[in-house]
Amino acid sequence: MKLVQYRNGFYYSLFFGLLFGFLNEVSAQTFTSSNLPIVIITTDNYPNSTQPQEILDSPRVLGNMKIIKHPDGTRNYMTDVNSPAFINYNGRISIEIRGSSSQTLPKKQYGLTTLLTDNISNNNVSLLGMPSENDWILNGMGYEPSLIRDYLFYNLARQMGEYASRTVYCEVVINGDYVGLYVFQEKIKPDSNRVNILKITSTDNSLPNVSGGYITKSDKTTGNDPVAWTMLSYAWTTDFIHEYPDPSDVTSQQSTYIQSQFTNLETTAHNNNTSVSNGFSSVIDIPSFVDFMLLNELGSNADGYQLSTFFHKDRNGKLRAGPIWDFNLTLGNDLFIWGFDRSHYDVWQFSDGGNDGARFWTDLFNNPTYKCYLSKRWHELTLTGQPLSESSLNEFIDTTIATISEASIRENLRWANIPDQAAEIANIKTFITNRISWITNHIGPYSACNAVQTPALVINKINYNPMISGNFPISNDQEFIEIVNAGTTTVNLTGYYFKELGFTYLFPAFSTIAPNQSIYLASNLTTFQSKYGFAAFGQFTRNLANNSEKLVLADGFGNTIDSVEYFDTAPWPTAPDGNGSYLQLISTSLDNNLASSWVASNTLETNDFNLNSSNIIAFPNPVNATVTLQSPQIMDSIEVIDFLGKTISKQNINETSFQFDMSLYSSGLYFIKIDSGNSSQTIKVIKR
């Protein structure tokens, strides 16, 4: 037994085999049931043999996987293996050992792909409640005596609004051998439910297509992945590697382009260029970099910034930090048996002279504007009830330990890799207390960016699932959103962008929007002009989701200006979901995150916007019984629509003045659409 002392005064008892693993595995045990899902993997036999194939680093071997999970959350039993009601997955896989230094441990980590029965085609399936995909990881939590660090930080990232690999604890049996407690999790890859970027192809070699999407990492090389480029560090150089596209698939134009984004970040950060038109905020999504740094610093991640550090960039979008990955050497843990002791509560990991990573991390921190936003976000996240508050962290840790307590005993019997979990968790909690206090005292003030004034720009219309027709057969090409300046001053839109992945638009530098002016962003400029009779302001990248999407308009430093998350189900108006209408905000003074603030409308369908809204009047309004409509020109027809977009009545009138009886209508908001010649106008009427 060996005692290792931390600089912060902690003591951990570490068995020599904790990090290297025992030369001889601990005897297998009888395993019959678990409160966790049970994963059973059986590899195919060797050719002309009855022996199952050994799982190697390469090549992958084929096999079958069953996942036992009672849908009601009750206990799972090995005897459920042939009960379809309790089988979450039963199908083909290919599997290999994964990892770098962890491959030296007796307990292996695995990467697997779910396959169709042809043993070749990927099988996209939902496993253990995670969104459908085909690439998965069995994380064995190597070098990690608490068994919770990765699980904790991935969940924290998602609570903060960032994507991180979804995680489910499970117990695993391979070829009849119980191999312990694992975290079943998602592999980092482009996918609408993972890293939500467009998949770039080998033909995307010029702008705008060459601008994305990419996943890049700074890391050590494993296997045959070559270093794409190297960047300066204040400690030593940092290697960058293509994760997506694969190094074997990336073209020279694509490699040059994505490297240029990092070079631009390096230059602008080093020169303290904070301009929203050409400074570092024009290159990177500030909120994602801030969250990435805060998670790495909260954990005092010994590998952070230099290794397992991912970035991603969507087409026409900004460079983003994340997803976070590999947080086993955090919260005071390190590879002590190899002489490392780097995770301390009283250092900045981006500048401790070790794994500092590229120098832009330190340069960003030293920039007063960036550091202000870093501090502001830290103080927000550590408030009571927020994800990084000490009480929230302790509660999550306690819940997690309770979930795996039973399996941890079997894990330790199998591998003897948990010297004293209770002491380990106590030390983690003490580390968190000291770490939060130290960061709070050293991160600096945030008053300069605490109350940033944002303009009164409002997302006012959303056409997310347009109806197809003979003239316009492609729904996606007809999408648009409208933004209204509800304020009294002209707004400079330089640096403004939509900061949620899935909908990408960055406003051109020095563009403006006047008071009471509205601008339209369209999915296809030509289609919009043809259908609606006027030009849209700009064309966005990607398409609006047909079920739900969060649209967040932000300034160059990520301050939210307006945010809307719409849905295609009640209480939201359902008529815009492929039925020829779009979402229309009733008034720019209302909260546009509330379903009750929106109605279905289709007034843009007329191709004419010359009819002055003051030409037709309705009175009295609000109305108890009869409303009078007056127009300087003949009104051909009227249509009454409720707030859900449903037509209540429609009639031809051929009058310049018309009285309409609403006495039998229920109280609420209605829209009266009036057609006059080739023009159309919609008036809001409130029925008392």
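Phe-280 counts as buried in this predicted model, since its relative accessibility is 0%, where buried means under 20% relative accessible area with a 1.4 Å probe and protein chains only. Tyr-370 is likewise buried, at 0% relative accessibility. These two residues form an aromatic pair, with 6.4 Å from centre to centre and 75 degrees between the planes, and the pair is edge-to-face; rings of Phe, Tyr and Trp (its six-membered ring) pair if their centres lie within 6.5 Å, and planes over 60 degrees apart count as edge-to-face. Phe-280 sits in the loop between α3 and α4 (286-299), while Tyr-370 belongs to helix α6 (residues 368-381), so that the pair links parts of the chain 90 residues apart, helices being DSSP runs of H or I with at least four residues and strands runs of E with at least two, numbered from the N terminus.

The structure holds 48 aromatic pairs. In one of them, the rings of Phe-262 and Phe-311 have centres 5.0 Å apart and planes at 90 degrees, and the pair is therefore edge-to-face. Because Phe-262 lies in helix α3 (residues 252-270) and Phe-311 in strand β15 (residues 309-313), this pair ties together parts that are 49 residues apart in sequence. Phe-262 is buried, with a relative accessible area of 0%, and Phe-311 is buried at 0% relative accessibility.

Charged side chains also meet rings here. The charged end of Lys-107 sits over the ring of Tyr-182, 4.5 Å from its centre, a contact that requires NZ of Lys or CZ of Arg within 6 Å of the ring centre and within 35 degrees of the ring normal. Arg-342 lies over the face of Phe-340, at 4.4 Å from the ring centre.

Residues are numbered from 1 along each chain as its sequence is written, and side-chain values use heavy atoms, leaving out hydrogens and water. Local features need pLDDT of at least 70 and side-chain atom pairs count only at pLDDT 80 or more, whereas totals for chains, interfaces and linings use all residues.

Key: Rings of Phe, Tyr and Trp (its six-membered ring) pair if their centres lie within 6.5 Å; planes under 30 degrees apart count as stacked, over 60 as edge-to-face and the rest as tilted. Buried means under 20% relative accessible area, exposed over 50%, partly exposed in between (1.4 Å probe, protein chains only).
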